[in-house]
Amino acid sequence: MAIKKIFGLVLVIMTFTVLLGCCSATVYKVGDSDGWTAKDDKYYSWYERKEFHVGDSLVFEYDRNVNDVTQVSGASDYEFCNSSSPKAVYNTGHDVVNLTQAGYHYFITSNHGLCASGQKLDILVVRPRPILPFGKVFKVGDSKGWNVYNSEYYNKWSEEKQFYVGDNLFFEYNKDHNDVIEINGDLEFKSCDSTSRVAVYNTGHDLVKLTKPGVHYFVSLKTGLCEVGLKLRVMVQPLTKTVTFPNVPKKKIKLSPIDRLNRWLHTFRPHH
């Protein structure tokens, strides 16, 4: 019996270890409020304190009439602003670039004058960041999806739920008539202002992981839809767990991944 319990514990630990390999993703708006523009410091001050992981995304915002985002293959093309053999070209004015591989990634504008003035970005992408595999998937709007033109409907839907870091929002809609835009602030949310976009989703079945605590704002920017109520605001809580101790009132405490594992495994241990 003891051998079976030990074997069971080993299996649990192995399963938990494998699950820890899954990743969260962070969306970075390049240049923050300045967006994708010429900078004397070549964006060094923007990225110097950031750590980019496989699975993260970069959002480039700019005037598409005079600019674009050109991903080049190597340091030489980057240094000399050579866009003649690009790895990829983005030109929508609000591009989301997914970082799918570790290593150095180089981005310039094909506008040679702007590139020479500092509009270029090189970043180092490292392995995925681990995250606890505890997360629910919430279908936005339930059976009605992301199609109700009434903000009170989504307010009620959101207020009836508790969202935690690691949870996911699933947006389902007709991509020919709708989209999902994540934006930065409450003022932009109220006025349906798209200038502070964090991310753009337009597949018709988008899964958005909530990676940070705080308020998250989502709207549709198809003509007039946000104004008639197609918008969602959710409050995301940090990971917490209610733990009960003998003769001690209940209280919420933050648990590290190891603490969560230890408390879970405790239920499998024989008690004398």
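Strand β4 (residues 69-72) pairs with β7 in the antiparallel sense over 3 bridges, where strands are DSSP runs of E with at least two residues, numbered from the N terminus, and two strands pair if DSSP finds at least two bridges between them. Across this pairing, T70 stands opposite I108 in β7. The structure is a predicted model, in which local features need pLDDT of at least 70 and side-chain atom pairs count only at pLDDT 80 or more, while totals for chains, interfaces and linings use all residues. Residues are numbered from 1 along each chain as its sequence is written, and side-chain values use heavy atoms, with hydrogens and water left out.

Strands of a sheet pair through backbone hydrogen bonds, in either the parallel or the antiparallel sense. Strand β7 (residues 103-108) is also paired with β8, antiparallel, over 6 bridges, and L121 in β8 is the bridge partner of F107. Strand β2 (residues 52-53) pairs with β8 in the parallel sense over 2 bridges; here H53 stands opposite V126 of β8. The order β2-β8-β7-β4-β5 describes an open sheet of 5 strands with mixed pairing. Its edges are β2 and β5 (88-90), each with a single partner strand, so one side of each has no neighbour in the sheet. In strand β8 (residues 120-126), 5 of the 7 residues are buried, so this strand is largely enclosed by the rest of the structure. Buried means under 20% relative accessible area (1.4 Å probe, protein chains only).

The protein chain contains 7 helices and 18 strands, helices being DSSP runs of H or I with at least four residues. Of its 272 residues, 40% are buried.

The largest pocket has a volume of about 690 Å³. Of the 31 residues lining this pocket, V27, E182, V198, A199 and Y201 are the closest to its centre. A pocket is an open set of points on a 1 Å grid over the protein atoms alone, where a 1.4 Å probe fits, with protein on both sides within 12 Å along at least five of seven lines; lining residues have an atom within 4 Å of a point. The volume is the space filled by probe spheres set on the points, which are joined across faces, edges and corners. Strand β13 provides the largest share of the lining, 4 residues. The lining divides into 15 nonpolar, 9 polar and 7 charged residues, with Ala, Val, Leu, Ile, Met, Phe, Trp, Tyr, Cys and Pro counted as nonpolar, Asp, Glu, Lys and Arg as charged, and the others, Gly among them, as polar.

Methods:
Buried means under 20% relative accessible area, exposed over 50%, partly exposed in between (1.4 Å probe, protein chains only).
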